[in-house]
Amino acid sequence: MLKDINLKEKRLNFSALLVLLVIILGALVIVSLCMGRFPISIPEVIHVLAANILPLPQVGDANVESVVMTLRFPRVVAAILVGGSLALSGAVYQGVFQNPLVSPDLLGVSSGACVGAAIAILIGIGTIGIQIGAFAGGILAVALTTTTPKLIKNSSNMMLVMSGIIVGGLMSSIMGIIKYIADPETELAEITYWQMGSIAKVLPKSILMVAPAMILAIIIIMVLRWKINVLSLGETEARSLGINVKTTRRIVIICATLLTASSVCISGTIGWVGLVVPHLGRLMVGPNNMKLLPVSFVLGGIFLLMIDTIARTITSAELPLSILTGLIGAPFYFYLLKKERMNLS
Amino acid sequence: MKKRMLLVICIGLIMCIAIAGCSSQAKESESKTAEKLTSVVDQGGNEVQLPETITKVAITPIPWASAIWAIDGGSQRIVSINPSAMAAYKTSFMPTLDPAFATISTAEITKDFTINVEALMNLKPEIAFIWNDQTAEAEQLKAVGITPVMLNYAENLEDLKKDLLLVGQVLGKEDEAEKLTAYHTEIENYFIDKKAELDSVSKKKVMYLRNSKLSVAGAKNINNYLLELTGGANVAAGLDKQWSEVNMEQILQWNPEIIYLSNFDEIVPEDLYQNKIEGQDWSNIDAVKNHRVYKTPMGIYRYDAPCVETPLMIKWMGSIQQPELFKDYDIRKDLKAFYKAFFSADLTDENIDTILKVDANS
Amino acid sequence: MNLRIVELGFAYPNGNQIFTEVNFSLKKGEIFTILGPNGAGKSTLLNCIGNLSEPTQGGIFLEKDNIKDLSLRQFAMRIGYVPQIHQPTYAFTVEEFVAMGRTPYLSAFKKLSLQDQRMIEEAMELVRITDLRNKAYTQLSGGERQLVTIARAIAQEPDFILLDEPTAHLDFGNQIKTMKLVKKLSDQGYGVIMTTHNPDQVFFIGGRVGVLNRSGTFEIGVVDQYLSEDLLSRLYNEPVHLFYSNQLNRNICTAGA
């Protein structure tokens, strides 16, 4: 009986932590919606938000509502969705491939998306075209990565990772060619800017396009949390515990790829989030994915929302997100590794 | 169990708000566009409703800052331009004509054409001119009540005239725009009429060099059109794009007779005559041997880009490439007349020397 | 519940035959030890029995079911596998680690039920690691990790437990502890198959033994009757000495003269 109470208390702690994180996220959303070149106060933001959900009259100044809902809100939603998805993908890959040093780009999805987007920019087919190109590029790259082991008849984790390195390298070379052909005045600048990540121009309809697939992928991953735990023990042990390693891994990779490709197609490539945030999550709740995955998602949302808010307020120019995630992420990662050095083998 | 349910409800609620917000917003953007009067079709193919009065405009494309200044007759209505346009203004001839232009804000637009829409809102322009591939920016501008008008980076004179007329329509300065385009057409026709004579003479081999990195104008460049109109043959006409980087070997193979150096870069004829650029040997090129390397002119804007002064560029090229054929105008006199007619400015000989880069070309 | 290994053989794709014609059976509560020098193929044999490698000949049957016809989950509910100790990547707590033994019983949407939690508790109690429950697996000693892995196998509620060289990397004291635990497992009613290269352990455990030698032949017998000095000396190419200890009531195996 005493032992039961002990377990219950631990569960309470985790739930409390998660609720706390969600509340922090909510508060950050409100604060972020206030910040920007056009001055808006917190009560005004809350009024605008409330009036959009409940049948209340809207704020008097139409500009306030425009700025909050049209300019800032899509960015806030995109930041949370993308940040959470990248962190979740990273955590999932780190579990499946038993390596806390891998990022969502392990199988080449980001490099493939870069190529897809760059080709679309060269052809000149507009924003939606670039998004489709990025998505297609990411998916194709991962398809290439996962097919190669089948051709070599070795489907182990190690083989997949090597395959990912090969495909990633191939994509980088193609990127080099594309950048060489690109017009340095217009196309090259646009490609480089896209590569460094930005949600400045994200349109609500873009988010609506990718959101359903992303939410589905997130749900499936959450359902598979326990199995990912078992996969992180190793392929042999996972099999001995009754997990069909190939199938589970395939589903998980598809979902994580879908998540990352969808994120990258609306935001460009953003590094470090998928690598650093899961580490932070592990420090807070341990490596048990039942807790780690939800926490990673929320932390990723908080992290990227903070970064995007900084990116758009610190100067009048738009700072690309990868620069900030790198500048903040790399030292932070160093700090986390220092704290974690006991646990790393 | 209960805590977990609460958590799921929280997350679900947040997601619902997000999606509801996005979709409700998507519908509302329709009702926010400006109200009245005329509509035009811009260079992105969009039908644009123009507001009744236009007191302020923002300009993202670089060459159009000076062009719109020219058509509008001054910088009173321009509130925000591209920082590169401001940089171009400062090195051009414009400060003598309009020192007030220097006070226009460049904080809302960045060099890579990104617009900080919120900052722009603070200035309250009714119109923002953008490039025709900036579809995402157009959406954002419309949603906050700023009307976007798309312009095209002209590849030939027809395009350029359409752009100029569009600007005239938007600003209510159709007459001024038509005066300009009429002048463009007049000059163009003069050279087209000479086509028969041109065909009988040998075309000079011309290379249009953008910078010291050996970027040259290709077939889609407006300068390609201009120099071919005036009796030149672009050695790089086989390259499809507007600008392409080539190497020294290719240039040796082409061996151009005339080389133009653009104002997109600091390069001057001396650099080629004295072989000052590392890794490049120009000494065997005909244009260098015969001292026929020219820095292109820069008036209110660099003549290399399609702009208001393009007719002058045509004339200038003609005078260099086929002076015997185009004897019946004096480029210096025409410059004076142009600036008097369109900018009410009296140019001195020194001014003309500066515009024509006489020092660099001596 | 009967576990039958029938005419089992394994060969690598290059034709290298590791073992052939392995036949034996095991009931719940019995212990069977596989003895042989390193490199003979003991782990490969155990992996085949544990459905982790595919044998090239023969089959394995749980009662009437060929294990190939069982789903991985069904198999995991009947046979638990304790691998040699390895370096883990993530610092799961001992309790989380043992809980993973319940994987075959969990469906996607449910959390751990009371039944699951009870089995986890019992497994930890049986192996006596309950007070380690919140310690990180990565911070345990080799011996403790071994116990935790055994507890995880127990949590699977299997009929049979397979242990691959369970005393490898353990110090002398922990080796003895582990052997005692193995005996206790059979007392508790689990069928146990264990591999080892140490004949003395086999004498300690008792039961039946299968000797796998380097040429791939496998012969079974009852420990005290079958294992002779002669056989063991030939097996290891070194003189081996056996004598009976009255104090311990068993044969002792040690280096010969």
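So, burial in chain B: 45% of its 362 residues are buried, meaning that 20 or more other C-beta atoms, placed from the backbone, lie within 10 Å of the residue's own. Keep in mind that this is a predicted model, where local features need pLDDT of at least 70, side-chain atom pairs count only at pLDDT 80 or more, and totals for chains, interfaces and linings use all residues. Residues are numbered from 1 along each chain as its sequence is written, with chains lettered from A and ligands numbered from 1 in the order in which they are written.

Chain B has 16 helices and 12 strands; those are DSSP runs numbered from the N terminus, H or I of at least four residues for helices, E of at least two for strands.

Take helix α7 of chain B, residues 157-171. Its buried residues include Leu157(B), Leu160(B), Leu164(B) and Leu171(B). Just after α7(B) comes Gly172(B), with a positive phi of about 70°.

Now the sheet. Four strands of chain B make an open, parallel one, ordered β4-β3-β5-β6, where pairing takes at least two DSSP bridges between two strands. At the edges sit β4 (78-81) and β6 (147-151) of chain B, each pairing on one side only. Between β3 (residues 57-59) of chain B and β4(B) there are three bridges, and Val57(B) has Ile78(B) as its bridge partner.

Last, a hairpin over in chain C. Strands β9 (residues 208-212) and β10 (residues 218-222) of chain C run antiparallel, joined by five bridges. Val209(C) partners Gly221(C) there. Five residues lie between the strands, and Gly216(C) takes a positive phi near 95°.

Conventions. A residue is buried if 20 or more other C-beta atoms lie within 10 Å of its own, exposed if 12 or fewer, and partly exposed in between; C-beta atoms are placed from the backbone. The expected span of a helix is 1.5 Å times one less than its number of residues.
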